[in-house]
Amino acid sequence: MAKMTIEEMIVNDALSKFLDVNADNKWQRHFGTWDSIEWNEDATDKPSESDYLAQKETLEQNQRAKITRVYPSIQEQLDMQYWDNVNNTTTWADAIAKVKSDNPKS
């Protein structure tokens, strides 16, 4: 399985957030696009794609802001990696692991 880019993760998480709020318990999974949503068999009053598209940009901006607030900057991460290499430490891996454990995927 290929790893998702940050942009793909933002799009995916934004759609998940929309579905969690507007279609709770009506869907099983998706692959980042409206057409890929696997709806539950008993899902009747599903939200429309146009409702999603009206909120898509805001949802993605919110996800992007959340990611950039949570992770150390690229400059900080590169510095951590350099000093980890020099000092044989795991500062960068520890920092990323903490971000991931503090912010589990929904």
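The largest nonpolar core of this predicted model comprises ten residues, namely Ala14, Leu15, Phe18, Leu19, Ala23, Trp27, Trp34, Ile37, Tyr52 and Leu59, where a nonpolar core is a set of buried Ala, Val, Leu, Ile, Met, Phe, Trp, Tyr and Cys residues joined through side-chain atoms within 4.5 Å, and buried denotes under 20% relative accessible area, computed with a 1.4 Å probe and protein chains only. Two or more residues of this core are given by each of α1 (6-22) and α2 (49-70), and α1 gives the most, with four residues. Helices are DSSP runs of H or I with at least four residues, and strands are runs of E with at least two, numbered from the N terminus. In soluble globular proteins, nonpolar side chains tend to be buried together.

Residues are numbered from 1 along each chain as its sequence is written. Because the model is predicted, local features need pLDDT of at least 70 and side-chain atom pairs count only at pLDDT 80 or more, whereas totals for chains, interfaces and linings use all residues, and side-chain values use heavy atoms, with hydrogens and water left out.

Asn40 lies in the loop between β2 (38-39) and α2 and is buried, with a relative accessible area of 18%. The side chain of Asn40 reaches the backbone oxygen of Asn25 at 2.8 Å; apart from neighbours within four places in sequence, Asn40 is in contact with Asn25, Lys26, Trp27 and Gln28.

The secondary structure of the chain consists of four helices and two strands, which run α-β-β-α-α-α from the N terminus on. The radius of gyration, taken over C-alpha atoms, is 18 Å, well over the 13 Å that the globule rule (2.2 Å times the number of residues to the power 0.38) gives for 106 residues, so the chain is more spread out than a compact globule. The C-alpha trace spans about 60 × 25 × 25 Å along its principal axes, and buried residues make up 30% of the 106 residues.

Methods
Buried means under 20% relative accessible area, exposed over 50%, partly exposed in between (1.4 Å probe, protein chains only). A polar contact is a pair of N or O atoms within 3.5 Å; within protein, one must be able to donate a hydrogen and the other to accept it, and residues adjacent in sequence count only if both atoms are side-chain atoms. Contact means heavy atoms within 4.5 Å.
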